[in-house]
Amino acid sequence: MRIPRRAVAAAAAIATVLPLSACGGGSDSGASDASGKVEGKITFQTWNLQANFKDYFNSLIAAFEKQYPGTDVKWVDRPAEGYADKISADAAGGTLPDVVNVSPDLVAPLAKAGLAVDLDEAAEKYKKEYLPGAWASHRIPGMQGTYAFPWYLNTGPLFYNKRLFKEAGLDAEQPPKTYDEVFASGLKMAKESKGEIATLANVPTIEDFGRYGVELMNKEGTGFAFNDAKGVELLTHYKELYDAKALDPQALTATPESSGKKFLTEAVAMNPGSALDLGNFKKQAPSLYKNIGITDQISSTGHANMYVMGVMVNTKAKQKPAAVAFAHFVTDATRQMEFAKKVAIFPSTAGSLDDPYFTKEDGTDETRVRIAAAKSLKNAVNYTPVLFSEQMKTELRNEVAKALQGKESPKEALDNAVKACDRLLQQS
């Protein structure tokens, strides 16, 4: 199971339907007070997990109720399709469950409406149990606090084709680690192959700007900032790659599937992936599999990108001590390790990634990728701004395409993208 990156403008959708009485930029007095006895009935909502993990969650709930006599947890699971809409309706109707499985973009409007408990106040004692980057992933620009426990994480290593690197005169055992190294390697590979082999198959996304070291938003959370000098520098380099055919010509319309196919057919030298890809390579492209290399995500900041899921507590929960205790229980180190061994995700708890399950080779492809990904997650961050909607991603992609095609300068393209994203931000 991969971390869902669903094509929904979730934050805008929720903010649109929240009642005006719920808005106001923060929780009311005492909304984050979770002191008191852990007891009573609470409702726990997950996101499309019941079909495959029913036994796991039933066991987890039973363990919690045993540890805290007098508690009663009702579990509800919602399908992936329409999940954001369901949260919107519940938030507007006052029926939001006590403990809710969320992603950062879903929690942002709820926190702004005062419906998410600030865990820096209610659960500060647990903060040290989690990776710093994971704990910070549910903070909202312009607001003080953290609004969900970090739950499971995901990331992917970068695959590269050692044969193509060798043929271009590059060191196949020392793949590029930073963007500057990628740009240099890409131009050399394109030149040596006379434009036949591209190094990359995707245009830069907001995560790329983050990993390059670009400041994505202002500190107040009121506007985007990726059109600064460093952002323009990154897009200028991508334009150079595109002109030299070091960036695949079809990158402007590429999907993860089409990019993967380019890598599979050895027309592209590098591509992100997962453990499942190695099995496909072995079966569908034995020559590629024989020459496969695995390395970290490209980053000029020293930090990889993480995708993260969280568990939020509703400020309106009648049994708030029980709700906070249960949200912590779901996401503590013991439960996260148990969950990680059932599905291809990673725990967000400090020290868990040092477990032999994430560090010890056993000769299998799945373990090779798991170890590589776990290593990069220890200090990874979630580069996607929590306020960056799917519409904003489309605006950025469209402007990047214009820059690569020479229809606009990189500066003009990013200025236009920021202007469009700021407009959408004000409308949300």
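What follows is a walk through cores, helices, a pocket and some individual positions.

First, the ground rules. This is a predicted model, in which local features need pLDDT of at least 70 and side-chain atom pairs count only at pLDDT 80 or more, while totals for chains, interfaces and linings use all residues. Residues are numbered from 1 along each chain as its sequence is written, and side-chain values use heavy atoms, with hydrogens and water left out.

Let me begin with the cores. In soluble globular proteins, nonpolar side chains tend to be buried together. By nonpolar core I mean a set of buried Ala, Val, Leu, Ile, Met, Phe, Trp, Tyr and Cys residues joined through side-chain atoms within 4.5 Å. Buried is under 20% relative accessible area, exposed is over 50%, and partly exposed is in between, with a 1.4 Å probe and protein chains only. The largest nonpolar core here has 127 residues, and Phe226 and Phe326 have the most contacts inside it. Helix H14, residues 320-331, supplies the largest share of this core, 8 residues.

What does Phe326 touch, not counting residues up to four places away in sequence? The list is Ile42, Phe44, Leu60, Ile61, Phe64, Val73 and Val99. Contact means heavy atoms within 4.5 Å. There is also a second, separate core of 8 residues, which includes Phe159, Ala285, Ile292 and Val369.

Val369 takes us to helix H17, where it is one of the buried residues. H17 covers residues 365-377, and its 13 residues should span 18 Å at 1.5 Å a residue; the end C-alpha atoms are 19 Å apart, which agrees. The expected span is 1.5 Å times one less than the number of residues. Of the 13 residues of H17, 10 are buried, so the helix is largely enclosed by the rest of the structure. Among them are Asp365 and Arg370, along with Ile371 and Leu377.

Helix H4, residues 104-112, is also largely enclosed by the rest of the structure, because 7 of its 9 residues are buried. Those are Pro104, Leu106, Val107, Ala108, Pro109, Leu110 and Ala111. Just after H4, Gly114 takes a positive phi of about 80°.

Two residues other than glycine also have positive phi. Asn48, at about 60°, sits in the loop between strand S1 (40-47) and helix H2 (50-67). Glu266, near 65°, is in the loop between helix H11 (256-264) and strand S6 (270-272). Are they buried or exposed? Asn48 is partly exposed at 38% relative accessibility, whereas Glu266 counts as buried at 13%.

Next, contacts across the sequence. Asn101 lies in strand S3, residues 99-102, and is buried with a relative accessible area of 0%. Its C-alpha atom is separated by 5.8 Å from that of Gly310, 209 residues apart along the chain. Leaving aside neighbours within four places in sequence, Asn101 is in contact with residues including Trp47, Tyr83, Trp151 and Gly310.

Pro410 lies in helix H19, residues 410-427, and counts as buried at 18% relative accessibility. Beyond its neighbours within four places, Pro410 is in contact with Val232, Leu235, Thr236 and Ala403.

Glu399 belongs to helix H18, residues 390-404, and is buried, with a relative accessible area of 8%. Outside four places in sequence, Glu399 is in contact with Glu408, Ala413, Asn416 and Ala417. Ala63, in helix H2, is partly exposed at 32%, and its C-alpha atom is separated by 51 Å from that of Glu399.

Last, the second largest pocket. A pocket is defined on a 1 Å grid over the protein atoms alone, as an open set of points where a 1.4 Å probe fits, with protein on both sides within 12 Å along at least five of seven lines; lining residues have an atom within 4 Å of a point. The volume is about 650 Å³, counted as the space filled by probe spheres set on the points. Of the 21 lining residues, Ala136, Pro141, Asn382, Tyr383 and Pro385 lie nearest the centre of this pocket.

That is the tour; I will take questions.

Technical notes. Helices (H or I, at least four residues) and strands (E, at least two) are DSSP runs, numbered from the N terminus.
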